[in-house]
Amino acid sequence: MSQQNAPHHPLGAATRLLHAGTPPLQGGSGPVNVPVVRTSTVRFEDSAAYADLHHRRVAGERVASYGRHGLDTHRALEDAVIALEGGHRAFLTPSGLSAIALVLVALLSPGDHALVADSVYSPVRRVDDSLLQRLGITLEYFSPGQDDVAALIRPNTKLLYVESPSSLLYEVLDLPALTAIARQHGIAVAADNTWSGGWFYQPLALGANLSIQAATKYIAGHSDVMQGIVVTDSPALSQKIAVAYEALGLTIGADDAYLALRGLRTLPVRLAQHQRHATQVAEWLLQHPQVSRVFYPALPSDPGHALWKRDFSGANGLVSFAFANGVDARSAEGFVDALHHFALGASWGGYESLALVAQPERLREHSAWQDTQPVVRLHVGLEDPADLIADLHQAFAQVAARTRLAA
């Protein structure tokens, strides 16, 4: 269909996502997907063209004077993610952690202070301990559900960093309330949006200034890509990120950009299936006698359910549960080892189901967690949920047998 005959009514989110970054037709035809454009060197017609493009880059335009800046494949992915998140500009990084580090380094200077929700992705603390403290930057961790955030703000506070829902236990934050406090004090807000894949949660629309994702997870969706993405809400913030991005020499390969874009096209249908399967597993776990608590915001019994229902349009495949009293860490590891359809793995967001025992030291970082029982994190994949439930059932039976033998 030509642009002249295209409909003029507002497009739905899925339509925008599917068509963002599609290459234009040339000579009456063209590919559905953008080609993989690999290069280290960019050629120029003459010195004037080289100088013109350099000046355009300095002014903030997304053009390439070198392969590290990315070409067609990178631009297509950036455009699709901008459409997904409703942002101004997207920056592609080699991993989710590098995206986080980019934001922290770009927005914080020696002597600055940042407030960080204590339930964020644990490696944020590693960036703090190994890098930011050496630079004279202070990160202070707070409880989103218990602390008065406004009272923690200092004259040198420059950033509020959150993740909603949180890692491991999926604590849902009241992001509009937090961003309102930050705006009153002129503080930027960065939100890790990996849990939603950017599809059913919109941090920028809720007041955040930056949305960060590990595209490794749901955007790529096939456990074959390492990648991070930062999306900004304004030209001024884009410029700050761009300066650090350029100085750090961050880039990704064209093949990885292509794979992430391919995954992005099916994000809505994959997440819908993950939610259907995870809900069935979570509801089954709620009834199990060896389970004391299930963590899944889409469950009406979850403490964050009301906020989730207000701010989210869906849920993903992550379900965590705590064992009932009497099950120790060794038995929890035996449970995970007994599973057949859940692989033992630390990532998530792919098509496959995974299981992992949460490390106690990681749980203790969450002020919302006051228990001592082992916690297992499941990523419920796209397998038949009846098979996954049967697998969980037999693993629980083995734990019960071991517990009786040890008694």
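A crossing of two helices is left-handed if the near helix is turned anticlockwise from the far one by less than a right angle. With that in hand, here are some friendly notes on this predicted model.

1. **Helices α3 and α9.** By that definition, the crossing of α3 and α9 is left-handed. Helix α3 covers residues 72-85 and helix α9 residues 254-265; their axes come within 8 Å and cross at roughly 35°. On the α3 side the contact uses Thr73, His74, Ala76, Leu77, Ala80, Val81 and Leu84, and on the α9 side Ala254, Ala257, Tyr258, Ala260, Leu261, Leu264 and Arg265. Sorted by class, those residues are eleven nonpolar, two polar and one charged.

2. **Helices α9 and α10.** Helix α9 also packs against helix α10 (residues 267-286), here at an angle of about 65° and with the axes 5 Å apart. Gly263, Leu264 and Arg265 of α9 meet Leu267, Pro268 and Arg270 of α10. This contact of α9 with α10 has three nonpolar, one polar and two charged residues. If you are looking at Leu264 and Arg265, please note that both belong to the α9 side of the contact with α3 and also to the α9 side of the contact with α10.

3. **Helices α4 and α8.** At what angle do α4 and α8 pack? The angle between helix α4 (residues 96-107) and helix α8 (residues 235-248) is about 110°, and their axes are 9 Å apart. Angles of 65 to 115 degrees count as roughly perpendicular, and α4 and α8 are therefore roughly perpendicular to each other. Their crossing is right-handed. Leu102, Val103, Ala106 and Leu107 are the α4 residues in the contact, facing Leu237, Lys240, Ile241, Ala244, Tyr245 and Leu248 of α8. By class, the contact of α4 with α8 has nine nonpolar residues, no polar ones and one charged residue.

4. **Helix α5 and Asp128.** Pro123, Val124, Arg125, Val127, Asp128 and Leu132 are the buried residues of α5, and they pack against α4, β2 (113-117), β3 (138-142) and β4 (157-163). Is Asp128 buried or exposed? With a relative accessible area of 3%, Asp128 falls under the 20% limit and so counts as buried. Not counting residues up to four places away in sequence, Asp128 touches Gln133, Leu139 and Tyr141. From Asp128 to Glu140 is twelve residues in sequence and 9.9 Å in space, C-alpha to C-alpha.

5. **The loop between β4 and α7.** Backbone geometry is worth a look here. The peptide bond from Ser164 to Pro165 is cis, with omega near -10°, and Pro165 sits in the loop between β4 and α7 (175-184). Leu168, in the loop between β4 and α7, has phi near 70°, a positive value in a residue other than glycine. Tyr170 also lies in the loop between β4 and α7, and its phi is near 60°, again positive in a residue other than glycine. Leu168 is buried at a relative accessible area of 15%, and Tyr170 is buried at 1%.

6. **Aromatic pairs.** The model holds 14 aromatic pairs. In one of them, the rings of Phe321 and Phe323 have centres 5.1 Å apart and planes at 70°, so the pair is edge-to-face. Phe321 is buried, with a relative accessible area of 0%, and Phe323 is buried at 0% as well. Phe323 also pairs with Phe335: the centres are 5.5 Å apart and the planes at 85°, so this pair too is edge-to-face. Since Phe323 lies in strand β9 (residues 318-323) and Phe335 in helix α12 (residues 329-338), the pair ties together parts that are twelve residues apart in sequence. Ring pairs link Trp284, Phe321, Phe323, Phe335 and Phe396 into a cluster.

7. **Ile389 in α14.** Ile389 belongs to helix α14 (residues 385-406) and is buried, with a relative accessible area of 17%. Which residues does Ile389 contact, leaving aside its neighbours within four places in sequence? They are Gln280, Val281 and Trp284; Trp284 is also one of the residues in the ring cluster. Ile389 and Ser367 are 22 residues apart in sequence and 31 Å apart in space, C-alpha to C-alpha.

Key: Residues numbered from 1 in each chain as written. Predicted model: local features only at pLDDT ≥ 70, side-chain atom pairs only at ≥ 80, totals over all residues. Heavy atoms only, no water. Axes fitted to C-alpha atoms, helices over the stretch in contact; angles between N-to-C directions. Helix = DSSP H or I, 4+ residues; strand = E, 2+ residues; numbered from the N terminus. Parallel < 35°, antiparallel > 145°, perpendicular 65-115°, else oblique. Contact = heavy atoms within 4.5 Å. Nonpolar A, V, L, I, M, F, W, Y, C, P; charged D, E, K, R; others polar. Phe/Tyr/Trp six-rings, centres within 6.5 Å; stacked < 30°, edge-to-face > 60°. Buried < 20%, exposed > 50% of the residue type's maximum accessible area, 1.4 Å probe, protein only.
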